[in-house]
Amino acid sequence: MWRLVQPKLGPPSSSLKLAALGGLLVLMVLRSPSLLASWQRNELTDPRFLQLHKCPACFGTSWCPRFLNGQVSFEEWDGLRLLGFPQARSVYLARYSEPGEDGRRPVVLKRLGSPGELAQLDQTVCKRATGRPRCDLLQAVPRAEFARSAGHAGQLTPVAVRGWSALVHCPSQRLLDRLVRRYAETRDSGSGPLRRLRDSERLQLLLTLAFNPEPLLLQSFPPHEGWPFAKYLGACGRMVVLSYVGEELWRYLNAPWEKRVDLAWQLMETAEQLTNNDFEFALYLLDVSFDKFAVDPRDDKVIIVDAGKILVADKRLIRQNKPEHWDVRYESKFDGCDKEACLSFSKEILCARVTVDHNYYAVCQNLLSRHATWRGSSGGLLHDPPSEIGTDGRLEALLNECANPKERYGRFQAAQELRDYLAQLSNNVM
């Protein structure tokens, strides 16, 4: 059962104090022209708010004209400047419009790191380039270790970037060529070799790959090719722009049973697609929770909206190199920790086996089964099934075997049966 924890309300006197404080803040805004103007100003036209001055230690510049021309603005409450609110955020909801268009389209803005993480990035670049924690980033980035080791080669190679991030924990040349060829933060996207990029573009690509490769993954595995990710639109400084999909998956935890069954089926299909596809790239989800997915209200499609921690293994390379036990099925170990979104995995094994059940395990344990938790609640997306399904017991048995198998390699069989069963329940039988 999905159990909701009731919030504890304070005594009436506390509520009255909060209401009075809120009224005082409103009066302060109305009586202070400078504070009101600060609230109303479009921060997204400010190059320093975008951290454009940090480039080339940034994520790109393709969307800078739209930002600086005022075509992008926060949603009303995401633009609130009281107490420096926007600066502490990493994800924002905004809208943008093209000249001559009626209406404004919703988009998501991401900084790809907390203020502390971005400050640490600056210090790391400076220390590796100059030995000091502060420096001129424009001068330091080309001298930093990551730029010197990979930035002057004509081609991005596995030896140069292996282990920089989850995306390239075990990269193949085929994957790296794909990342460079599809790099969108260049005037000549699709041109091919790294040497064709301008110096600033090459440095931006390398820094993105090392710090947070989410933009590169989204560019390389785009939704128009059928991949279940949000669309990458562009960047300006340290702000990237993604398509707005819809409300996050956790908002559907108490949706009607039929809706939850359909979403569960889609999640299992996504696990299958990322594991087995015609491109022979396995994309393993290393961080799975209800806020990493969203549902498009236009077609009720489940989309991954946070792809910052995904490991990509090239199955062709594994078959070619034949590391030890490469053709032995690998079954992930159940993690029964008390924390939210726990997963146990070995990156080395994910990189060395052709047949792996990790994505099924991640979806079943952290989203669908009774082991799934979210903000103090438990029960999973498929909590409280109708009486006839609960009495039958098949759904619970499949979920349990998929999350915590009792039979050797039992998760492989349970995942397939669960996909078929959910398809029947949701009328998605092909």
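Me: Which residue stands opposite Val241 in S5?
Reply: Leu109 stands opposite Val241 in S5. Before going on, note that this is a predicted model, in which local features need pLDDT of at least 70 and side-chain atom pairs count only at pLDDT 80 or more, while totals for chains, interfaces and linings use all residues. Residues are numbered from 1 along each chain as its sequence is written, and side-chain values use heavy atoms, with hydrogens and water left out.

Me: OK, and how many bridges join S3 to S5?
Reply: Four bridges join S3 (residues 105-110) to S5 (residues 239-243), and the two strands run antiparallel. Strands here are DSSP runs of E with at least two residues, and helices are runs of H or I with at least four, each numbered from the N terminus; two strands pair if DSSP finds at least two bridges between them.

Me: What is the order of the five strands in that open sheet?
Reply: The order is S1-S2-S3-S5-S4, with antiparallel pairing. S1 (72-74) and S4 (232-236) are at the edges with a single partner strand each, so one side of each has no neighbour in the sheet.

Me: Switching to the three-strand sheet, which helix packs on it?
Reply: That sheet has the order S6-S8-S9 and is also open and antiparallel, and helix H11 (residues 257-275) packs on it, touching S8 and S9. The direction of H11 makes about 45 degrees with that of S9, where axes are lines fitted to C-alpha atoms, for helices over the stretch in contact, and angles run from 0 to 180 degrees between N-to-C directions.

Me: Now the helices: at what angle do H14 and H17 cross?
Reply: The axes of H14 (residues 358-368) and H17 (residues 410-425) cross at roughly 65 degrees and come within 10 Å. On the H14 side Tyr360, Tyr361, Cys364 and Leu368 meet Arg411, Ala415 and Leu418 of H17, contact meaning heavy atoms within 4.5 Å.

Me: Which residues of H17 are buried?
Reply: Among them are Phe412, Ala415, Leu418 and Leu422, buried meaning under 20% relative accessible area with a 1.4 Å probe, counting protein chains only. What covers the buried residues of H17 includes H11, H14, H15 (387-392) and H16 (394-403).

Methods: Buried < 20%, exposed > 50% of the residue type's maximum accessible area, 1.4 Å probe, protein only.
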